[in-house]
Amino acid sequence: MSESEKTVEVLSAINLNEEQIARLKEVSKAISLTVYSSRDFANIPAEVWERTEVLMTSGRNIPQPEQAPNLRWIQLTMAGVEAALKQEIVQKPDLQLSSASGTMVPQMGEYILMAFLALGHRVPEFIQNKGHRKWGSNLNRNNLPLEMRNSTVGIVGYGSIGREAARLVKGLGAKVLAVKRDAMHPEDTGYTPAGHGDPQGDYFDRLYPIEGMKSMLAECDFVLISLPETPATHELFNAEMISAMKPGTLLVNVSRGGLFHEPSLLAAMKSGHIAAAVLDVFQQEPLPEDSPFWKLPNLIITPHISGFSANAVNDLTMLFAENLRRYLDGSPLLNLVDREKGY
(Lines give C-alpha, C1' and ligand atoms only; values in the text may rest on other atoms or scores of the structure.)
Protein backbone atom coordinates (compact mmCIF):
# COMPACT_ATOMS: atom_id res chain seq x y z
CA MET A 1 0.00 0.00 0.00
CA SER A 2 1.39 3.39 -0.96
CA GLU A 3 1.44 5.85 1.95
CA SER A 4 -0.12 8.43 -0.31
CA GLU A 5 -3.15 6.28 -1.05
CA LYS A 6 -5.09 6.49 2.22
CA THR A 7 -4.91 7.08 5.94
CA VAL A 8 -5.51 4.06 8.13
CA GLU A 9 -7.41 5.01 11.27
CA VAL A 10 -6.11 2.97 14.20
CA LEU A 11 -7.75 2.99 17.63
CA SER A 12 -6.07 1.61 20.74
CA ALA A 13 -8.60 0.91 23.49
CA ILE A 14 -5.78 0.34 25.97
CA ASN A 15 -3.58 3.08 27.35
CA LEU A 16 -0.16 3.49 25.74
CA ASN A 17 2.84 5.52 26.83
CA GLU A 18 4.76 7.89 24.56
CA GLU A 19 7.36 5.30 23.59
CA GLN A 20 4.70 2.76 22.61
CA ILE A 21 2.75 5.36 20.64
CA ALA A 22 5.93 6.34 18.80
CA ARG A 23 6.66 2.69 17.98
CA LEU A 24 3.27 2.30 16.28
CA LYS A 25 3.45 5.61 14.43
CA GLU A 26 6.90 4.73 13.10
CA VAL A 27 5.39 1.86 11.14
CA SER A 28 4.02 4.20 8.49
CA LYS A 29 3.01 7.80 7.92
CA ALA A 30 -0.32 6.39 6.75
CA ILE A 31 -1.28 5.55 10.33
CA SER A 32 -3.52 7.90 12.28
CA LEU A 33 -3.52 6.67 15.89
CA THR A 34 -6.10 7.45 18.58
CA VAL A 35 -5.58 6.16 22.12
CA TYR A 36 -8.09 5.60 24.93
CA SER A 37 -7.69 3.62 28.13
CA SER A 38 -9.80 0.48 28.61
CA ARG A 39 -11.75 2.12 31.44
CA ASP A 40 -12.88 4.84 29.00
CA PHE A 41 -14.10 2.34 26.41
CA ALA A 42 -17.78 3.18 26.96
CA ASN A 43 -17.05 6.88 26.37
CA ILE A 44 -15.25 6.61 23.03
CA PRO A 45 -17.06 9.12 20.77
CA ALA A 46 -19.23 7.89 17.92
CA GLU A 47 -17.18 9.80 15.36
CA VAL A 48 -14.03 7.91 16.45
CA TRP A 49 -15.78 4.56 16.02
CA GLU A 50 -17.17 5.68 12.66
CA ARG A 51 -13.72 6.15 11.15
CA THR A 52 -11.85 3.30 12.90
CA GLU A 53 -10.43 0.65 10.58
CA VAL A 54 -8.06 -1.11 12.99
CA LEU A 55 -8.70 -1.70 16.70
CA MET A 56 -6.48 -2.97 19.50
CA THR A 57 -8.58 -4.02 22.48
CA SER A 58 -9.38 -6.74 25.00
CA GLY A 59 -11.78 -9.55 24.14
CA ARG A 60 -14.52 -8.02 26.25
CA ASN A 61 -14.29 -4.47 24.93
CA ILE A 62 -15.66 -5.01 21.43
CA PRO A 63 -17.95 -2.55 19.60
CA GLN A 64 -21.31 -3.39 18.07
CA PRO A 65 -21.38 -3.70 14.26
CA GLU A 66 -23.34 -0.47 13.84
CA GLN A 67 -20.80 1.42 15.97
CA ALA A 68 -17.81 0.58 13.79
CA PRO A 69 -19.00 0.09 10.20
CA ASN A 70 -15.48 0.51 8.77
CA LEU A 71 -13.69 -1.85 11.17
CA ARG A 72 -11.61 -4.42 9.29
CA TRP A 73 -9.20 -5.84 11.87
CA ILE A 74 -9.17 -6.35 15.64
CA GLN A 75 -5.89 -7.04 17.41
CA LEU A 76 -6.68 -8.58 20.80
CA THR A 77 -4.58 -7.90 23.87
CA MET A 78 -4.87 -11.47 25.19
CA ALA A 79 -4.07 -14.92 23.85
CA GLY A 80 -7.48 -16.30 24.84
CA VAL A 81 -10.13 -15.44 22.25
CA GLU A 82 -13.28 -17.15 23.54
CA ALA A 83 -14.87 -13.91 24.81
CA ALA A 84 -14.21 -12.09 21.54
CA LEU A 85 -15.63 -14.91 19.43
CA LYS A 86 -19.00 -14.41 21.12
CA GLN A 87 -19.25 -10.83 19.82
CA GLU A 88 -21.51 -10.12 16.84
CA ILE A 89 -19.07 -7.94 14.92
CA VAL A 90 -16.46 -10.72 14.93
CA GLN A 91 -18.77 -12.84 12.78
CA LYS A 92 -18.38 -10.44 9.84
CA PRO A 93 -16.58 -12.35 7.07
CA ASP A 94 -14.49 -9.33 6.07
CA LEU A 95 -13.15 -8.72 9.60
CA GLN A 96 -9.80 -10.18 10.68
CA LEU A 97 -9.17 -11.11 14.30
CA SER A 98 -5.69 -11.70 15.69
CA SER A 99 -4.64 -12.77 19.17
CA ALA A 100 -1.76 -11.73 21.41
CA SER A 101 -0.38 -15.27 21.48
CA GLY A 102 3.37 -15.24 22.06
CA THR A 103 3.59 -11.82 23.68
CA MET A 104 3.26 -13.29 27.19
CA VAL A 105 5.79 -16.05 26.61
CA PRO A 106 8.67 -14.68 28.74
CA GLN A 107 6.71 -14.12 31.94
CA MET A 108 4.59 -17.25 31.55
CA GLY A 109 7.69 -19.32 30.98
CA GLU A 110 9.10 -18.04 34.27
CA TYR A 111 5.82 -18.78 36.07
CA ILE A 112 5.71 -22.34 34.70
CA LEU A 113 9.32 -22.98 35.66
CA MET A 114 8.63 -21.58 39.13
CA ALA A 115 5.60 -23.88 39.44
CA PHE A 116 7.45 -26.99 38.29
CA LEU A 117 10.35 -26.35 40.65
CA ALA A 118 8.03 -25.58 43.56
CA LEU A 119 6.19 -28.86 43.05
CA GLY A 120 9.31 -30.91 42.45
CA HIS A 121 10.95 -29.49 45.57
CA ARG A 122 7.81 -30.08 47.63
CA VAL A 123 7.06 -26.45 48.48
CA PRO A 124 3.32 -27.09 49.20
CA GLU A 125 4.33 -29.55 51.92
CA PHE A 126 6.85 -27.18 53.44
CA ILE A 127 4.25 -24.41 53.51
CA GLN A 128 1.95 -26.75 55.42
CA ASN A 129 4.77 -27.72 57.81
CA LYS A 130 5.47 -24.07 58.54
CA GLY A 131 1.82 -23.51 59.47
CA HIS A 132 2.07 -26.41 61.94
CA ARG A 133 5.57 -25.41 63.14
CA LYS A 134 6.80 -28.79 61.98
CA TRP A 135 10.51 -29.02 61.16
CA GLY A 136 10.74 -32.54 59.73
CA SER A 137 13.91 -34.48 59.08
CA ASN A 138 16.45 -33.79 56.35
CA LEU A 139 17.58 -37.41 56.64
CA ASN A 140 14.22 -38.77 55.48
CA ARG A 141 14.47 -40.05 51.92
CA ASN A 142 10.82 -39.06 51.46
CA ASN A 143 12.01 -35.46 51.61
CA LEU A 144 14.09 -35.84 48.46
CA PRO A 145 13.03 -33.56 45.58
CA LEU A 146 11.88 -34.70 42.17
CA GLU A 147 14.44 -32.91 40.06
CA MET A 148 13.83 -31.73 36.51
CA ARG A 149 16.88 -33.61 35.27
CA ASN A 150 15.93 -37.11 34.18
CA SER A 151 12.22 -36.34 34.72
CA THR A 152 9.62 -36.50 31.97
CA VAL A 153 7.60 -33.34 31.33
CA GLY A 154 4.37 -33.57 29.37
CA ILE A 155 3.09 -30.45 27.65
CA VAL A 156 -0.55 -30.56 26.58
CA GLY A 157 -0.84 -27.86 23.92
CA TYR A 158 2.36 -27.07 22.03
CA GLY A 159 1.61 -23.44 21.26
CA SER A 160 3.74 -20.46 22.19
CA ILE A 161 3.50 -21.04 25.95
CA GLY A 162 4.14 -24.78 25.77
CA ARG A 163 7.13 -24.19 23.52
CA GLU A 164 8.70 -21.77 25.98
CA ALA A 165 8.19 -24.26 28.79
CA ALA A 166 9.87 -26.92 26.66
CA ARG A 167 12.86 -24.68 26.03
CA LEU A 168 13.31 -23.98 29.73
CA VAL A 169 12.90 -27.50 31.11
CA LYS A 170 14.99 -29.00 28.34
CA GLY A 171 17.84 -26.80 29.54
CA LEU A 172 17.50 -28.41 32.98
CA GLY A 173 17.80 -31.92 31.58
CA ALA A 174 14.16 -33.00 31.31
CA LYS A 175 12.70 -35.27 28.68
CA VAL A 176 9.93 -33.39 26.89
CA LEU A 177 6.79 -34.99 25.46
CA ALA A 178 4.15 -32.77 23.89
CA VAL A 179 0.65 -32.90 22.43
CA LYS A 180 -0.23 -30.86 19.37
CA ARG A 181 -3.43 -30.98 17.39
CA ASP A 182 -1.52 -31.07 14.12
CA ALA A 183 1.47 -33.17 15.08
CA MET A 184 2.60 -33.43 11.45
CA HIS A 185 3.58 -29.75 11.49
CA PRO A 186 5.81 -29.12 14.52
CA GLU A 187 6.90 -25.62 13.49
CA ASP A 188 5.32 -22.46 14.94
CA THR A 189 4.11 -19.85 12.45
CA GLY A 190 2.77 -17.46 15.09
CA TYR A 191 4.47 -14.62 16.89
CA THR A 192 7.51 -15.54 18.99
CA PRO A 193 9.75 -13.02 20.78
CA ALA A 194 13.38 -13.33 19.75
CA GLY A 195 15.27 -15.86 21.85
CA HIS A 196 12.15 -17.52 23.25
CA GLY A 197 9.90 -20.45 22.42
CA ASP A 198 10.56 -23.24 19.94
CA PRO A 199 9.79 -21.88 16.45
CA GLN A 200 11.24 -24.87 14.60
CA GLY A 201 10.12 -27.65 16.96
CA ASP A 202 13.56 -28.51 18.34
CA TYR A 203 12.89 -29.00 22.05
CA PHE A 204 10.53 -31.94 22.32
CA ASP A 205 11.62 -35.57 22.36
CA ARG A 206 8.31 -36.81 21.00
CA LEU A 207 5.24 -35.05 19.63
CA TYR A 208 1.83 -36.72 19.98
CA PRO A 209 -1.46 -36.01 18.24
CA ILE A 210 -4.39 -35.28 20.53
CA GLU A 211 -5.54 -38.89 20.07
CA GLY A 212 -2.34 -40.12 21.73
CA MET A 213 -2.61 -37.96 24.82
CA LYS A 214 -3.50 -40.76 27.25
CA SER A 215 -0.40 -42.69 26.26
CA MET A 216 1.72 -39.60 26.79
CA LEU A 217 0.21 -38.73 30.17
CA ALA A 218 1.03 -42.19 31.52
CA GLU A 219 4.75 -41.46 31.10
CA CYS A 220 4.93 -37.97 32.64
CA ASP A 221 6.19 -36.89 36.04
CA PHE A 222 5.20 -33.26 35.40
CA VAL A 223 2.25 -32.15 33.26
CA LEU A 224 1.62 -28.64 31.92
CA ILE A 225 -1.80 -27.72 30.55
CA SER A 226 -1.53 -24.97 27.93
CA LEU A 227 -4.47 -25.69 25.63
CA PRO A 228 -7.04 -23.11 24.52
CA GLU A 229 -10.57 -23.70 25.77
CA THR A 230 -12.97 -24.47 22.94
CA PRO A 231 -16.16 -26.54 22.75
CA ALA A 232 -13.92 -29.49 21.86
CA THR A 233 -11.63 -29.06 24.88
CA HIS A 234 -14.17 -28.07 27.55
CA GLU A 235 -13.76 -30.55 30.44
CA LEU A 236 -11.44 -32.61 28.27
CA PHE A 237 -9.77 -33.65 31.52
CA ASN A 238 -12.58 -35.72 32.95
CA ALA A 239 -12.18 -38.65 35.36
CA GLU A 240 -11.05 -40.98 32.56
CA MET A 241 -8.39 -38.61 31.23
CA ILE A 242 -7.13 -37.74 34.70
CA SER A 243 -6.88 -41.44 35.58
CA ALA A 244 -4.62 -41.87 32.54
CA MET A 245 -2.02 -39.68 34.24
CA LYS A 246 0.90 -41.36 35.95
CA PRO A 247 0.21 -41.89 39.68
CA GLY A 248 1.89 -39.08 41.59
CA THR A 249 1.76 -36.60 38.69
CA LEU A 250 2.71 -32.99 39.42
CA LEU A 251 0.28 -30.74 37.54
CA VAL A 252 0.37 -27.10 36.39
CA ASN A 253 -2.56 -25.40 34.62
CA VAL A 254 -2.06 -21.92 33.17
CA SER A 255 -4.69 -21.99 30.42
CA ARG A 256 -8.37 -22.25 31.44
CA GLY A 257 -10.16 -23.86 34.35
CA GLY A 258 -12.87 -25.09 32.01
CA LEU A 259 -10.50 -27.70 30.60
CA PHE A 260 -11.03 -29.75 33.77
CA HIS A 261 -14.04 -31.48 35.22
CA GLU A 262 -13.32 -29.98 38.62
CA PRO A 263 -14.95 -32.66 40.83
CA SER A 264 -12.72 -35.25 39.15
CA LEU A 265 -9.65 -33.06 39.59
CA LEU A 266 -10.51 -32.53 43.24
CA ALA A 267 -10.91 -36.28 43.79
CA ALA A 268 -7.59 -37.04 42.10
CA MET A 269 -5.79 -34.53 44.30
CA LYS A 270 -7.41 -35.86 47.46
CA SER A 271 -6.44 -39.42 46.59
CA GLY A 272 -2.87 -38.47 45.71
CA HIS A 273 -3.17 -39.67 42.12
CA ILE A 274 -2.21 -36.07 41.35
CA ALA A 275 0.41 -35.58 44.05
CA ALA A 276 0.42 -31.79 43.94
CA ALA A 277 -0.56 -28.95 41.63
CA VAL A 278 -0.22 -25.27 40.86
CA LEU A 279 -3.48 -23.92 39.44
CA ASP A 280 -3.72 -20.40 38.05
CA VAL A 281 -7.20 -20.86 36.59
CA PHE A 282 -10.59 -22.22 37.66
CA GLN A 283 -14.03 -22.54 36.12
CA GLN A 284 -15.35 -19.82 38.43
CA GLU A 285 -13.12 -16.83 39.08
CA PRO A 286 -12.53 -15.46 41.61
CA LEU A 287 -12.53 -18.87 43.26
CA PRO A 288 -15.40 -18.85 45.79
CA GLU A 289 -14.45 -18.75 49.46
CA ASP A 290 -16.28 -22.02 50.07
CA SER A 291 -14.51 -23.89 47.27
CA PRO A 292 -13.01 -27.18 48.52
CA PHE A 293 -9.86 -26.40 46.51
CA TRP A 294 -8.80 -23.91 49.20
CA LYS A 295 -8.49 -26.74 51.72
CA LEU A 296 -6.19 -28.96 49.66
CA PRO A 297 -2.75 -29.07 51.31
CA ASN A 298 -1.08 -30.20 48.09
CA LEU A 299 -2.26 -27.23 46.01
CA ILE A 300 -0.82 -23.79 45.31
CA ILE A 301 -3.44 -21.33 44.03
CA THR A 302 -2.67 -18.13 42.14
CA PRO A 303 -5.33 -15.64 40.93
CA HIS A 304 -4.99 -15.99 37.13
CA ILE A 305 -1.76 -13.98 37.08
CA SER A 306 0.64 -16.22 35.14
CA GLY A 307 0.56 -13.85 32.16
CA PHE A 308 0.84 -10.60 34.11
CA SER A 309 3.97 -8.50 33.64
CA ALA A 310 5.08 -4.90 33.87
CA ASN A 311 6.34 -5.42 30.31
CA ALA A 312 3.04 -6.76 28.95
CA VAL A 313 1.86 -3.68 27.02
CA ASN A 314 5.33 -3.05 25.64
CA ASP A 315 5.51 -6.65 24.43
CA LEU A 316 2.04 -6.32 22.92
CA THR A 317 2.93 -3.22 20.93
CA MET A 318 5.91 -5.06 19.43
CA LEU A 319 3.49 -7.60 17.96
CA PHE A 320 0.97 -4.93 16.97
CA ALA A 321 3.63 -2.91 15.13
CA GLU A 322 4.68 -5.99 13.15
CA ASN A 323 1.07 -6.81 12.33
CA LEU A 324 0.42 -3.21 11.27
CA ARG A 325 3.26 -3.51 8.77
CA ARG A 326 1.74 -6.71 7.46
CA TYR A 327 -1.73 -5.18 7.28
CA LEU A 328 -0.48 -2.21 5.27
CA ASP A 329 1.47 -4.53 2.95
CA GLY A 330 -1.45 -6.90 2.49
CA SER A 331 0.58 -9.75 4.05
CA PRO A 332 -0.93 -12.44 6.33
CA LEU A 333 -1.26 -11.31 9.93
CA LEU A 334 0.51 -13.13 12.73
CA ASN A 335 -1.79 -15.01 15.15
CA LEU A 336 -4.80 -14.80 12.86
CA VAL A 337 -7.70 -16.52 14.64
CA ASP A 338 -9.48 -19.44 12.99
CA ARG A 339 -13.11 -18.97 14.02
CA GLU A 340 -13.96 -22.64 13.41
CA LYS A 341 -11.12 -23.93 15.58
CA GLY A 342 -11.74 -21.28 18.24
CA TYR A 343 -8.14 -20.06 18.48
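Strands E10 (residues 249–253) and E11 (residues 274–279) pair in the parallel sense over five bridges, where pairing requires at least two DSSP bridges between two strands. Asn-253 has Leu-279 of E11 as its bridge partner. The model is predicted: local features need pLDDT of at least 70, side-chain atom pairs count only at pLDDT 80 or more, and totals for chains, interfaces and linings use all residues. Residues are numbered from 1 along each chain as its sequence is written, and side-chain values use heavy atoms, with hydrogens and water left out.

**Sheet**
- The open sheet has seven strands in the order E8-E7-E6-E9-E10-E11-E12, with parallel pairing; strands (E, at least two residues) and helices (H or I, at least four) are DSSP runs numbered from the N terminus.
- Strands E8 (206–208) and E12 (299–301) stand at the edges with a single partner strand each, so one side of each lacks a neighbour in the sheet.

**Helices H4 and H6**
- The axes of H4 (residues 105–120) and H6 (residues 160–170) come within 9 Å and cross at roughly 55°; axes are lines fitted to C-alpha atoms, for helices over the stretch in contact, and angles run from 0 to 180 degrees between N-to-C directions.
- H4 and H6 are therefore oblique to each other, a class left after roughly parallel (under 35 degrees), roughly antiparallel (over 145) and roughly perpendicular (65 to 115).

**Thr-317**
- Thr-317 lies in helix H10 (residues 312–329) and, at 0% relative accessibility, counts as buried (under 20% relative accessible area; exposed is over 50%, partly exposed in between; 1.4 Å probe, protein chains only).
- Beyond its neighbours within four places in sequence, Thr-317 is in contact (heavy atoms within 4.5 Å) with Leu-16, Gln-20, Arg-23 and Leu-24.
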